[in-house]
Amino acid sequence: PTVANRRVYINGGTYGGAYGFDAINGTEYWFHELPQYDMWTPAYYRDTLYTFTTSSNGDYGYLAALNAHSGMLLWDKDDLPNSWYGYSMNTAPVIDTSARIIITTSEYYQSAVSLDSHEKLWTKSGQFVTPAVHDGVLYCINSGILHACDVHTGAVLWSFAQNSNISFPPVVANGFVFISSETDVYAIDLYDHTEKWHGTPG
């Protein structure tokens, strides 16, 4: 679930859509029907809810911007590259609020869309999980390797690879990007791009 301004937003599961609930008493405010896909998480920014599922025909990704108060569709985009096996997405859109760019992730594609013009800025192919963004840099895991990319162009600025298969979303905090596999956790310095520590908590 995504929580913002006393409301809870979730995907609609079997019915294919997004719900808005009161966070305190559970009152349902709205439901907006979307193409069916499971296990996606919406993103929230300035009274707008952003959802990324798949288009009705399944060939493209479907990005929708909904009014967070009413669930009304503000704009959508149904031509983003998309590739799925099965029906669980396990991703969330990520927003760079300074650059006003939203990043969408499907298993084999990552795309950047302008929040202002709604145009696609770039697309990468690979094998992705939900990324993190900080100070104009996108930190994404592609096929087990951390890549720091320019959020405007998608160009790779630097990379970090190690023996473990990094497979979970990265976290950026306090000058580090933290990455993990099922067995290992790494703290990578954002400025000199070196490993500061490594642990094996499982």
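A strand, as the term is used here, is a DSSP run of E residues, at least two long, numbered from the N terminus. The model described in this briefing is predicted. Its secondary structure comprises 22 strands and zero helices. Thr104, for example, is found in strand β12, which covers residues 101-106.

**Overall form**

- The protein has 202 residues and a radius of gyration of 17 Å, which agrees with the value near 17 Å for a compact globule.
- The C-alpha trace spans about 45 × 35 × 35 Å along its principal axes.
- Of the 202 residues, 50% count as buried.
- Among contacts with a separation of 6 or more, 34% are between residues 24 or more positions apart.

**The surroundings of Thr104**

- Thr104 counts as buried because its relative accessible area is 1%, and the cut-off for buried is under 20%.
- When neighbours within four places in sequence are left aside, Thr104 is in contact with Phe52, Leu63, Leu80, Tyr109, Gln110 and Ser111.

**Nonpolar cores**

- In soluble globular proteins, nonpolar side chains tend to be buried together.
- The largest nonpolar core in this model has 25 residues. Ala18, Tyr50, Leu63, Trp75, Ile95, Ile102 and Leu115 are those with the most contacts inside this core.
- Strands β6 (43-45), β7 (48-54), β8 (60-67) and β9 (73-81) each supply at least two residues of this core.
- Strand β8 gives the most to this core, namely five residues.
- Leu115 touches Tyr45, Tyr50, Trp75, Ile95, Arg100, Ile101 and Ile102, if residues up to four places away in sequence are not counted.
- A second, separate core contains 14 residues, including Val129, Tyr139, Ile141 and Leu146.

**A four-stranded sheet**

- Four strands form an open sheet with antiparallel pairing, in the order β15-β16-β17-β18.
- Strands β15 (132-134) and β18 (156-160) are the edge strands, and each pairs on one side only.
- Neighbouring strands of this sheet are turned by 25° against each other on average, direction ignored.
- Within the sheet, six bridges join β16 (residues 137-142) to β17 (residues 145-150), and these two strands run antiparallel.
- Leu138 stands opposite Cys149 in β17.

Methods: Residues numbered from 1 in each chain as written. Predicted model: local features only at pLDDT ≥ 70, side-chain atom pairs only at ≥ 80, totals over all residues. Heavy atoms only, no water. Pairing = 2+ DSSP bridges. Axes fitted to C-alpha atoms, helices over the stretch in contact; angles between N-to-C directions. Buried < 20%, exposed > 50% of the residue type's maximum accessible area, 1.4 Å probe, protein only. Contact = heavy atoms within 4.5 Å. Core = buried A, V, L, I, M, F, W, Y, C linked by side-chain atoms within 4.5 Å. Rg over C-alpha atoms; globule rule 2.2 N^0.38 Å.
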